[in-house]
Amino acid sequence: MTAATSAPARVETLPTIPGLGGLFARGVAGSARMAAAARLPGGGPRDLTLPEVTYRVAGVPTGNGAEPGGPGSEEHLARYADVVGEVPGGTLPAGYLHVLGFPLATAVMVRGDFPLPLVGMVHLANSASLVRPVRLGDALEVRAWAQDLRPHRRGVQVDLVVEVSVERTDDERAAGSGLPATTLAYRGVSTYLAKGVRLPDGSAPDGPGANGSANGSTNGTDAFVPPLPTARWTLGAGTGRTYAAVSGDRNPIHTSALGAKAFGFPRAIAHGMYTAARALAEAGPARGETYDWTVTFAKPVLLPSTVDVAIRPEGAVAAEVRDVVGQVPAAVADGAGDPATGLAYQGWDRTGRLHLSGRVTPRR
Amino acid sequence: MAMRKTPANGSASTTSTDRRTSAGSTGPVEQRPGVRDAWVIGGNRIPFARAGGKYSRSSNQEMFTAALEGLVARFGLQGERLGEVVGGAVLKHSRDFNLVRESVLGSSLSPQTPAYDLQQACATGLEATITVANKIRLGQVESGVAGGTDTVSDAPIAVSEGLRRALLEASHAKTIGARVKAFAKVRPADLAPLTPATDEPRTGLSMGEHQAITTARWGISREAQDEVALASHQHLAAAWESGFFDDLVTPHRGLVRDQNLRTDSSMEKLAALKPVYGKRLAGSGSEDSPAAPTMTAGNSTPLTDGASTVLLGSREWAEQRDLPLLARVVDAETAAVDFVHGHEGLLMAPVHAVPRLLARNGLKLGDFDLYEIHEAFASTVLTTLTAWEDDEYCRTELGLDGPLGSIDRSRLNVNGSSLAAGHPFAATGGRIVATAAKLLAGRTAETGQPARALISVCAAGGLGVAAILESVPAADLPA
């Protein structure tokens, strides 16, 4: 994952944020097609290039302008807050902006020219920066694109970037406020792994950046020695369904044991972003109004489960823990906070194996 | 009521003459003289029962009324209008919103005795004592009762959030259709009741798990914890044997002694118990010193039912009624710590309260004849004492010049504490205050010298309360 972003110049504007249901159906069909193609003679390494397109939706309403109960509405935000433990209020946490932008990123991934199968992709890491507060009632412009296809020890990884900008209001324009038409508020970089896919140029998979900061592989995390916990999450069997209901991400590996078994998991697994959003919420007021929020996912959380969690000021994190869990760069480098001022968190299972780790750092 | 008016030239320049001349309809009301002493006169509690034991059918109100009524009988307060009765319960039914007032109405105190509920988790009883003492000190009341009650056996059970929402929605519904629709949202899983948990809401860790973390951080051994537990049982047993509690406890529902007390406890028996807290911490911490679980049912307090009361009053009020002045409430300090992100242990707030309290009163940790440190867990006592002896911790965390110091362990919890007696959360403060005050008065009667006790009680939410009690020989009291 790199902090620098390079949105493709070709912008395709969609009328609204698409619905995830239809996107998943397309994603499943596309994945099946790719799987079939890979089994054909000569179906080995193909030319893998990312679609050179930025998806854009303007005028995405929040607050009263949003569909009642739908994404962006006060009621929907309150439901999200209830699920992840945020304090309900008038501002949109970064985890909620991720939820709002997720369908547009998914739309990029289900395009016919997207080179990787949606089904079975593994979320390795996430980095989000909230650079200005987004309030209920703001009209938003959302952009999404894919970038930085690169090798990983177990396949190929790619970043899906979502940017959310706040649009200038009509009043502000009429008043000649001098504000630009949109102001960047949020950038989220989601790093996914397509297992078993190879880049045609045969790049050394263990070269620099092969694991990136996303040590979602067993690399490094085996050395993790749990610190003393500061919290414990008791996650019920329905945790995946509950977060699916507010995030729209109804991937069957999260919502049913059968669905999970189809992908080789003994039970349903928690959404990684649910666990990360919960850590963000539990950072509390210390995170400030704007912040960087990173996470690296290791072992999936099988549901139901009890996850021991440590959320500590960075300065109170033992060096051995810090070395193992590494560091994901901020999604927006300019104005990124001094990591020393932030909180670092880790979550692990009863045998001490790491589930996730990350940071919440107030921005300057 | 006289009208209050701030003089235009500011109160600083207002002379007493001005005040007198302006007293009446326009000037500020003259401030009464400063604080006076508040005295612990006595206490009464019911024996503490193990959860599901003798009081399994007793409500908080029943137990608090029983403790209060015993106090009334002991001190001849029938029909008396006291200044106020203050107490509370940690686990409380919503119907008990006026628990203490209802208990007063059910007692033989004058129904004109005001009352209110106060709740500060396990520190409820001690905070109530401080509150009543402060009103006495300020001359707002002449007498009062502080106390607390708790039952785990008769704890409130709530319905699930799903069922609760449906019930509320249905009760707000205007049509039968809307009502049916509200109930249709109820899922089978919603029908399971919610029992109260002692988990910290912000961390999801139980108090025992929190203390296990603190225990690991301070490296407190299993053996040291078992020693504290054994001493608690031995001291409490000896106190019961000597008749110390004869004028502090009223039997209730056939229980005449604290049910949890084990007169036959031994280090061997305690050592045989399996750890119950901190089991998941095994191997965590660091590779050099992995945290081994050390906290057992023997060196942790059991869930308990019970109630306690303390009678406080001004010297004049007590002397008019020929009641004893056991000990004066010298001062108190409440502290809170940041435990949510692990900066400090959940139950470590008294460690912070005590040095502040000592500094304000010009005292050192060694300046006490008795120490009452609430045994939430044996390791709570030990982490508290160890922290005060730690130079670096005292400098960086408590802002002291060096270690706060050590105490003479033979002066600690000399008549036992919560490990043996049990710990009905809100009732513990009253038990400790009455015990300490009586011990101090006994010391002073023996030696003719003043005697002083330091009390410390930790509580959920990272709270902690410390207080100083002092007995004074009658000859030393001002005429």
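Modeller: Please note that this is a predicted model. In chain B, the residues B:Thr124, B:Gly125, B:Leu126, B:Ala128 and B:Thr129 of helix 4 meet B:Thr428, B:Gly429, B:Gly430 and B:Val433 of helix 15.

Colleague: How many of the residues in that contact of helix 4 of chain B with helix 15 of chain B are nonpolar, polar or charged?

Modeller: Three are nonpolar, six are polar and none is charged.

Colleague: At what angle do the axes of helix 4 and helix 15 of chain B cross?

Modeller: The axes of helix 4 (residues 124-137) and helix 15 (residues 428-447) of chain B cross at roughly 60 degrees and come within 5 Å. The two helices of chain B are therefore oblique to each other.

Colleague: What is the length of helix 15 of chain B from its first C-alpha to its last?

Modeller: Helix 15 of chain B has 20 residues and reaches 29 Å, close to the 28 Å expected at 1.5 Å a residue. Because 15 of its 20 residues are buried, helix 15 of chain B is largely enclosed by the rest of the structure.

Colleague: Which residue follows helix 15 of chain B?

Modeller: B:Gly448 follows helix 15 of chain B, and its phi is positive, near 75 degrees.

Colleague: Turning to the largest nonpolar core, which residues have the most contacts inside it?

Modeller: They are B:Val40, B:Leu312, B:Leu440, B:Ile455 and B:Leu469, in a core of 231 residues. Helix 3 (residues 94-109) of chain A gives the largest share of this core, eleven residues.

Colleague: What is B:Ile455 in contact with, leaving aside its neighbours within four places in sequence?

Modeller: Its contacts include B:Leu126, B:Ile432, B:Val433, B:Ala436 and B:Leu469. B:Leu126 and B:Val433 also take part in the meeting of helix 4 and helix 15 of chain B.

Colleague: And in chain A, is helix 8 mostly covered or uncovered?

Modeller: Helix 8 of chain A is mostly covered, with eleven of its twelve residues buried. Among the buried ones are A:Met273, A:Tyr274, A:Arg278 and A:Glu282. This helix, residues 272-283 of chain A, reaches 17 Å from its first C-alpha to its last, close to the 16 Å expected at 1.5 Å a residue. A:Gly284 follows helix 8 of chain A and has a positive phi, near 75 degrees.

Colleague: Finally, how many residues of chain B are in contact with chain A?

Modeller: 19 residues of chain B are in contact with 21 residues of chain A. On the chain B side, six are nonpolar, nine polar and four charged.

Methods. Residues are numbered from 1 along each chain as its sequence is written. Chains are lettered from A and ligands numbered from 1 in the order in which they are written. This is a predicted model: local features need pLDDT of at least 70, side-chain atom pairs count only at pLDDT 80 or more; totals for chains, interfaces and linings use all residues. Two residues are in contact if their C-beta atoms, placed from the backbone, lie within 7 Å. Ala, Val, Leu, Ile, Met, Phe, Trp, Tyr, Cys and Pro count as nonpolar, Asp, Glu, Lys and Arg as charged, and the others, Gly among them, as polar. Axes are lines fitted to C-alpha atoms, for helices over the stretch in contact, and angles run from 0 to 180 degrees between N-to-C directions. Helices (H or I, at least four residues) and strands (E, at least two) are DSSP runs, numbered from the N terminus. Angles under 35 degrees count as roughly parallel, over 145 as roughly antiparallel, 65 to 115 as roughly perpendicular and the rest as oblique. A nonpolar core is a set of buried Ala, Val, Leu, Ile, Met, Phe, Trp, Tyr and Cys residues joined through C-beta atoms within 7 Å. A residue is buried if 20 or more other C-beta atoms lie within 10 Å of its own, exposed if 12 or fewer, and partly exposed in between; C-beta atoms are placed from the backbone. The expected span of a helix is 1.5 Å times one less than its number of residues.
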